[in-house]
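Please read this report alongside the sequence and the model.

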Amino acid sequence: MGAYRIAVLPGDGIGKEVTRGAIEVLQAIATRFNHQFEFQYGLIGGEAIDRAGTPLPTETLDMCRQSDAVLLGAVGGPKWDGNPPHLRPEKGLLAIRKEMNLFANLRPVKFYASLADSSPLKADIIQDVDFVIVRELTGGLYFGKPSGRRVENGEETVVDTLLYKREEMTRIITVAFELASKRKKKVTSVDKANVLESSRMWREIAEEVAKEFPDVELEHMLVDNAAMQLIRYPKQFDVIVTENMFGDILSDEASMLTGSLGMLPSASLSTTGPSLYEPIHGSAPDIAGKNKANPIATILSSAMMLRLSFGLHEEANAIERAVQQVLTSGYRTADVAKKGQRVVSTKEMVDEIKAAILDDGAIL
Ligand code: NAD
Ligand code: IPM
Ligand code: MN
């Protein structure tokens, strides 16, 4: 039996609905495996702007730093879209990633046989897809200075800066090689080396890191080609490693291999403090508050938390098995339901997954 302190940041829109679901699932795990999870809630994003005047209050950051792991829903929404840069919900997310040194974002993409017809892609293309996108999360265009607008020689000008230190590239590429050495031993490093100097340095570092992992194959791929290859033949990938913005875009694209953005979990790992777990999707304002969101991405993120932060492998497996079982039994939220299939709500999906965990005889 173990006791763990989990900081929960529901955020905005469906962030609240999906984190509630994941917490209920974690409570089922606590019951089933005799653990204690203590949940502490904090403000982030739009709600934090409204209630505390800043997208990342100091109390939230302090609480997260003192936790064993953080679970985050999503931030943002139309209400705050016109705000100045420092008062945008997304700023809170970027700030917590930077402040907690959450530089390694793992986004696993896995085929679910029962969802084969939910993807717009043909079953034979997506069958057995199993790869991880390793996205750099605390550098690149998202954080480079200068950034902003100015008037230069009477002309309105805007600048965003793509900045990386050698060490920041080395550590994320190393994470990718370490992961690949425990998997199918292939790293695809994605860049735009035909245009960007930052990508040429990235490529050079990837070659250097590869020398330390002689049993792992390294290939380089330009990002535009990678976007196409993800649809043409996704089974070629094992570990994809890429900089912040390329990873953001490619992972939303890759989610459609599983059928929905609502299926993809992620772990944002730090080597200096607690890590954070978050679905890759956003606050989905179009369906927020309607009990329609797919909670599976967040539930699978909580399984990643159990495995990667707490070393609770059996418990993580139990969550993943329960998700498989419920999907195989035909339960579908609207995003993955095909014509004629019965659609369940967020809450019903969570209840089914909880029940599957509590009934799971295989590991008793
Ligand atoms: P989004 O990911 O919120 O939604 C894109 C589409 O996918 C929408 O149609 C939405 O309904 C659907 N979708 C997303 N998650 C789903 C789920 N779990 N179940 C069912 N359907 C789901 O992206 P967007 O619409 O471009 O952005 C909306 C807001 O979310 C913006 O303010 C954006 O900045 C923010 N955002 C936040 C995060 C985050 O907090 N990590 C990530 C992405 C976007
Ligand atoms: C994500 C989101 C964020 C990102 C936004 C909301 C800042 O799209 O987590 O993928 O671009 O990193
Ligand atoms: Mn994104």
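## Domains

The centres of domain 1 and domain 2, taken over C-alpha atoms, are 23 Å apart. Domain 1 covers 1–103 + 270–364, and domain 2 covers 107–260. These bounds come from an automatic or database domain assignment. Their contact takes 14 residues from domain 1 and 19 residues from domain 2. Two residues are in contact if their C-beta atoms, placed from the backbone, lie within 7 Å.

On the side of domain 1 that touches domain 2, α4 and α11 (313–328) each supply at least two residues. That side divides into six nonpolar, four polar and four charged residues. Nonpolar here means Ala, Val, Leu, Ile, Met, Phe, Trp, Tyr, Cys and Pro; charged means Asp, Glu, Lys and Arg; the others, Gly among them, are polar. Helices (H or I, at least four residues) and strands (E, at least two) are DSSP runs, numbered from the N terminus.

## Basis of the model

This is a predicted model: local features need pLDDT of at least 70, side-chain atom pairs count only at pLDDT 80 or more, and totals for chains, interfaces and linings use all residues. Residues are numbered from 1 along each chain as its sequence is written, while chains are lettered from A and ligands numbered from 1 in the order in which they are written.

## Helix α12 and its partners

α12 (residues 346–359) packs with α11: their axes come within 8 Å and cross at roughly 120°. That makes α11 oblique to α12. Axes are lines fitted to C-alpha atoms, for helices over the stretch in contact, and angles run from 0 to 180 degrees between N-to-C directions. Angles under 35 degrees count as roughly parallel, over 145 as roughly antiparallel, 65 to 115 as roughly perpendicular and the rest as oblique. The α11 and α12 crossing is right-handed. A crossing is right-handed if the near helix is turned clockwise from the far one by less than a right angle, and left-handed if anticlockwise. α11 contributes Ala318, Ile319, Ala322, Val323, Gln325 and Val326; α12 contributes Glu352, Ile353, Ala356 and Ile357. By class, this contact has eight nonpolar, one polar and one charged residues.

α12 also packs with α1, at an angle of about 15° and with the axes 9 Å apart. α1 and α12 are therefore roughly parallel. Their crossing is right-handed. From α1 come Glu17, Gly21, Glu24, Val25, Ala28, Ile29, Thr31 and Arg32. From α12 come Thr346, Val350, Ile353, Lys354, Ile357 and Leu358. The class count for this contact is seven nonpolar, three polar and four charged.

## Helices α8 and α9

The axes of α8 (residues 223–232) and α9 (residues 244–255) come within 10 Å and cross at roughly 15°. The two helices are therefore roughly parallel to each other. α8 passes α9 in a right-handed crossing. Val223, Ala226, Ala227 and Leu230 in α8 meet Phe246, Leu250, Glu253 and Ala254 in α9. Seven of these residues are nonpolar, none is polar and one is charged.

## Ligand shells

Ligand 1 is surrounded by 22 residues; the closest are Gly76, Gly262, His281, Gly282 and Asn294. A residue is near a molecule if its C-beta atom, placed from the backbone, lies within 6 Å of it. α1 (14–33) and α4 (89–99) are the elements that give two or more residues to this shell. The shell has 11 nonpolar, seven polar and four charged residues.

Around ligand 2 stand Gly76, Glu90, Leu93, Leu94, Asp248, Ile280 and Gly282. α4 gives the largest share of this shell, three residues. By class, the ligand 2 shell divides into three nonpolar, two polar and two charged.

## Backbone details

Lys145 and Pro146 are joined by a cis peptide bond, with omega about 5°. Pro146 lies in strand β6 (residues 144–152).

Asn34 has a phi near 60°, a positive value in a residue other than glycine. Asn34 sits in the loop between α1 and β2 (36–41).
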